[in-house]
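Please look through the following structure step by step, with the sequence at hand. The explanation below moves from strands to rings and then to helices.

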Amino acid sequence: MMSLMSASAIASPNIAFIKYWGNRDDQLRLPSNGSISMNLDGLFTQTTVTFNPDLEKDTLILNDQVADQQATSRVSHFLDLVRKLADVNLKAHVYSKNNFPIGAGIASSASAFAALSLAATAALGLELSEAELSRLARRGSGSACRSVPGGYVEWLAGQSDADSYAVSIASPDHWALVDCIAIVQVEHKPIGSSQGHLLANTSPLQHARVEDSPRRIRLCREAILRRDFEAFANITELDSTLMHAVMMTSDPPLFYWSPVTLEIMTTVTRWRREKALPVCYTVDAGPNVHVICEESSSEIIREKLLQIPGVLHVLSAKPAGPARLCQT
Ligand code: DP6
């Protein structure tokens, strides 16, 4: 029995091309709109969960340090869902490690809750389907549901808890895109996504953004399936800017861009328009810019990005596979 009570899993973060911003149900994390993303290879969270009858409370070690109260209770509430599924009342020790900086515009909560979902359910001997695992991960962090399946992924907004989960729309080797993440700042962001989602509906622009989202989802999905970079670039940049327009017009407003963010955005679009380079940008809830390009141009793009004043370094990631169990 003891060997069944511990398991380890690994999951990659993902970058959304069509963004998740705002919920219809904050408690269940039912999103206001569907979204599309790509898992990021080489970046990962590895998590080991051990349920132990001797523990009186859940404990969380994050990147080799005892996690703060807020992070521990988010994980503990999530584990309550897993305990309910398995009908057990055991507390757990969670040991989790990222190989990329937290709060740097790379959603660590996505890989964290995808890995936690898989490790915790496996530790208790639950065998969930990919869709069930994705639904569960969604409850920890919305974007985590997209880190469960592999490659290019669509989160089907759904109508309820039962049908809101992510599916793979293309395998990692379908299209050799690279996310060159231009890091302009490594500090923790002031307002995290969870708080941001709560503000989305205070923007008069959110309704229009959500209403038009099925069209953007379709255009993005079709562009990925056809490997049509120009169509992909146009819809990805539009969707990113629409989300930021909502953020900037929320009450209170959220401004995630720094002057360097805007400089990179405009420069990247110019490279595509004037130099015909297959490159575009998307920005999450932070100032770093995800510069998406075809692999054949990724070295040139990387070098060009490093020449822009204010770019500290560039992390590159190809499409990654699904969340998976691993050795401790
Ligand atoms: C801007 O999934 O991090 O990265 O569910 O509260 O954990 P929580 O939010 P989260 O939100 C992601 C927001 C985004 C866009 C995206 O990844 O779709």
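Serine 37 stands opposite valine 153 in S10, in a model that is predicted rather than determined by experiment. The two strands concerned are S5, residues 35-39, and S10, residues 152-156, which pair in the antiparallel sense over 4 bridges. They belong to an open sheet of 4 strands, whose order is S2-S5-S10-S11 and whose pairing is antiparallel. Because strand S2 (14-18) and strand S11 (165-170) each have a single partner strand, they stand at the edges, and one side of each is left without a neighbour in the sheet. On average, neighbouring strands of this sheet are turned by 35° against each other, if direction is ignored.

The structure holds 6 aromatic pairs, and one of them, formed by tyrosine 20 and tryptophan 155, is edge-to-face, with 4.7 Å from centre to centre and 65° between the planes. This pair links distant parts of the chain, since tyrosine 20 lies in the loop between S2 and strand S3 (23-25), while tryptophan 155 lies in strand S10, 135 residues apart. Both tyrosine 20 and tryptophan 155 are buried. Elsewhere, ring pairs link Phe17, Trp175, Phe229 and Phe232 into a cluster.

Phe232 also takes part in a helix contact, for it is among the residues of H7 that meet residues of H6, including Leu219 and Ile224. The axes of helix H6 (residues 213-226) and helix H7 (residues 229-248) come within 9 Å and cross at roughly 145°, and this crossing is left-handed. The residues of the contact divide into 9 nonpolar, no polar and 4 charged.

Notes. Residues numbered from 1 in each chain as written. Predicted model: local features only at pLDDT ≥ 70, side-chain atom pairs only at ≥ 80, totals over all residues. Heavy atoms only, no water. Axes fitted to C-alpha atoms, helices over the stretch in contact; angles between N-to-C directions. Left-handed = near helix turned anticlockwise from the far one by under 90°. Contact = heavy atoms within 4.5 Å. Nonpolar A, V, L, I, M, F, W, Y, C, P; charged D, E, K, R; others polar. Pairing = 2+ DSSP bridges. Phe/Tyr/Trp six-rings, centres within 6.5 Å; stacked < 30°, edge-to-face > 60°. Buried < 20%, exposed > 50% of the residue type's maximum accessible area, 1.4 Å probe, protein only.
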